[in-house]
Amino acid sequence: VPLCGGNIDTTVLGRVLERGLAAENRMKNFMATVSDQPQGIARLTTFLGNHGASIKDMYHERAFLHSNIDHVHVKVVVELQGKEHAQEIERVLIEKGYDPVWDDGTHKRMI
């Protein structure tokens, strides 16, 4: 896609940038199960923030689950600092018991 002068389509430019971030492990997405009690999602978002991950998007699903009634699935898109940071986030999520499922469908290895 040529990008120059006045013909820059900002929507296309945004997509190009996001794909570049994803290719460089600077943007990742995962699904996790969290408590549907007060502060359940807040604990996850605070945890990610404390480890330097910037949340770009988050979606939670209650209705179409095949798990405990007191849990909710969340899909999270995070912006990271690169491959090493992505590996660190993966490690600490697993240690904390979130058992993330990464966008490639794996449970334990995203990189």
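**Close-up views of a predicted model**

**View 1. A charged trio along helix 3.** Arg91 and Glu95 sit four residues apart in helix 3, so about one helical turn separates them. Arg91 and Glu95 form a salt bridge, with their closest N and O atoms 2.4 Å apart. Through salt bridges that share partners, Glu88, Arg91 and Glu95 are joined into one network. Please keep in mind, as you look at each view, that this is a predicted model. The other link in this trio is between the side chains of Arg91 and Glu88, which meet in a salt bridge at 2.7 Å, N to O. Both Arg91 and Glu88 belong to helix 3 and lie three residues apart, about one turn of the helix. Why might such side chains come together? Side chains of opposite charge can pair when their charged atoms come close.

**View 2. How open are the members of the trio?** Glu95 has a relative accessibility of 58%, so Glu95 counts as exposed, the cut-off being over 50%. Arg91, at 38%, counts as partly exposed. Glu88 is also partly exposed, with a relative accessible area of 31%.

View 3. Which residue pairs with Glu79? Glu79 forms a salt bridge with Lys56, and their closest N and O atoms are 3.6 Å apart. This pair links distant parts of the chain, since Glu79 is in strand 3 and Lys56 is in strand 2, 23 residues apart. Glu79 is partly exposed, with a relative accessible area of 22%, and Lys56 is partly exposed too, at 45%.

**View 4. The buried residues of helix 2.** Helix 2 covers residues 40-50, and its buried residues are Gly40, Leu44, Phe47 and Leu48. These residues cover an arc of only 95° around the axis, which means that they are on the same side of helix 2. What covers them? The cover includes strand 1 (27-35), strand 2 (54-61), strand 3 (71-79) and helix 3 (83-95). Look past the end of helix 2 and you will find Gly52, with a positive phi, near 80°.

**View 5. Helix 3 and its packing partners.** Helix 3 has 13 residues. From its first C-alpha to its last, helix 3 reaches 18 Å, close to the 18 Å expected at 1.5 Å a residue. Which residues of helix 3 are buried? They are His85, Ala86, Ile89, Glu90, Val92 and Leu93. The buried residues of helix 3 pack against strand 1, helix 2 and strand 4 (101-102). Helix 3 is followed by Gly97, where phi is again positive, near 90°.

**View 6. Stepping back to the whole protein.** The secondary structure comes to three helices and four strands. Starting at the N terminus, you can follow the elements in the order α-β-α-β-β-α-β. How much of the protein is buried? Buried residues make up 29% of its 111 residues. Among the contacts with a separation of 6 or more, 61% come from residues 24 or more positions apart. The accessible surface of the protein is about 7200 Å², and 52% of this surface belongs to carbon and sulfur atoms.

Key: Residues numbered from 1 in each chain as written. Predicted model: local features only at pLDDT ≥ 70, side-chain atom pairs only at ≥ 80, totals over all residues. Heavy atoms only, no water. Buried < 20%, exposed > 50% of the residue type's maximum accessible area, 1.4 Å probe, protein only. Helix = DSSP H or I, 4+ residues; strand = E, 2+ residues; numbered from the N terminus. Arc of directions from axis to C-beta. Contact = heavy atoms within 4.5 Å. Areas by Shrake-Rupley, 256 points an atom, 1.4 Å probe, with all protein chains shown as cover. Salt bridge = Lys/Arg side-chain N within 4 Å of Asp/Glu carboxyl O. Expected span 1.5 Å × (residues − 1).
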